[in-house]
Amino acid sequence: MTDLSYGAIRDPDYQAHVTSGKKTISADEAYLLVPDENGRIEIPNIVEFTFQNPDWQPHSSVIINPVREEYLYLSAEERQVYAALLGAGKKEQAARFLELLERPLNARRQLAQNENLARYCDEHPIAATMINISSALLMPIELIQILGEAVQLKGSKKPEAKLGMDPNSSAFQFTQANRVVRDTVTADMGTVGKVAYDLVTGAGQGILGFAVGGPAAANVIFSSKNAAQTAHEIAGRGGTPEQVLLG
């Protein structure tokens with residue numbers, strides 16, 4: 001619970017504010033909204049809109065999609081508090097409330113994704129391994145996202161920026177997935193089996209990179225993968241954005 005939660009709940013008009021603040025618009029109505037100069041559109045109660053339209057996408061690439069998967073992991077009480085703040089006309093406090101919940105929501109999302117992926121690996125270990133190998137092609141993109149987030153966090157003045165990079169940020173999605181696949185598939189293997197698995201997947205990723213763009217592409221994939229893993233380890237230890245950037 002945050003101070004904003006306590007303040008909203010203690011309001012004598014709390015339930016009335018929840019009812020008022022829960023109102024949102026339909027997906028079709030959202031398509032009619034005109035973005036501001038930064039490409040942002042304002043949807044009344046984006047949380048409730050996300051629950052009703054989790055797959056909504058804007059028709060134009062210049063519009064920033066306000067729907068975020070993390071909102072689906074808000075508890076019923078958290079959804080009510082957010083609605084109450086909106087209903088009371090406290091839009092800035094409502095936005096701040098979601099900001100304060102960003103790390104817990106990322107952790108909930110990542111845990112759910114890891115559990116789902118682990119179940120898939122148990123049922124389809126070979127297919128999961130092939131996905132793991134092919135995902136190497138996306139590691140350079142992930143590294144760019146990680147470094148971009150580190151730079152953005154480095155310049156942030158928000159208090160939570162002092163916590164360092166969030167290891168559950170979506171920027172680390174492929175690194176997290178690779179770890180889950182590896183840990184799940186090799187769970188019953190001994191040390192030799194785990195080493196053999198790493199050699200096979202590493203060779204597969206190298207061959208794939210070589211096939212796509214020759215030795216240079218293979219080197220980029222390996223260096224990006226190692227750099228992303230190092231960044232995730234640093235973030236997991238509470239490292240600063242500067243430490244992530246320096247690797």
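**View 1. Packing of helix α7 against helix α10.** In this predicted model, helix α7 (residues 102-123) packs on helix α10 (residues 173-185) at an angle of about 40°, and the two axes lie 9 Å apart. The two helices α7 and α10 are therefore oblique to each other, and α7 passes α10 in a right-handed crossing.

**View 2. Residues at the contact of α7 with α10.** On the α7 side the contact is made by Gln-110, Asn-114, Leu-117, Ala-118, Cys-121 and Asp-122, while α10 contributes Gln-176, Ala-177, Arg-179, Val-180, Val-181, Thr-184 and Val-185.

**View 3. The largest nonpolar core.** This core has 27 residues, and those with the most contacts inside it are Ile-43, Ile-46, Phe-49, Trp-56, Leu-74, Tyr-82 and Leu-98. At least two residues of the core come from each of α2 (14-21), α3 (27-31), α4 (46-52), α5 (76-87) and α6 (91-100), with α5 giving the most, namely six residues.

**View 4. Surroundings of Ile-43.** When neighbours within four places in sequence are left aside, Ile-43 is in contact with Thr-24, Ile-25, Ala-30, Leu-33, Phe-49 and Pro-66. Both Ile-43 and Phe-49 are among the residues with the most contacts inside the largest nonpolar core.

Methods: Residues are numbered from 1 along each chain as its sequence is written. This is a predicted model: local features need pLDDT of at least 70, side-chain atom pairs count only at pLDDT 80 or more; totals for chains, interfaces and linings use all residues. Side-chain values use heavy atoms; hydrogens and water are left out. Axes are lines fitted to C-alpha atoms, for helices over the stretch in contact, and angles run from 0 to 180 degrees between N-to-C directions. Helices (H or I, at least four residues) and strands (E, at least two) are DSSP runs, numbered from the N terminus. Angles under 35 degrees count as roughly parallel, over 145 as roughly antiparallel, 65 to 115 as roughly perpendicular and the rest as oblique. A crossing is left-handed if the near helix is turned anticlockwise from the far one by less than a right angle, and right-handed if clockwise. Contact means heavy atoms within 4.5 Å. A nonpolar core is a set of buried Ala, Val, Leu, Ile, Met, Phe, Trp, Tyr and Cys residues joined through side-chain atoms within 4.5 Å. Buried means under 20% relative accessible area, exposed over 50%, partly exposed in between (1.4 Å probe, protein chains only).
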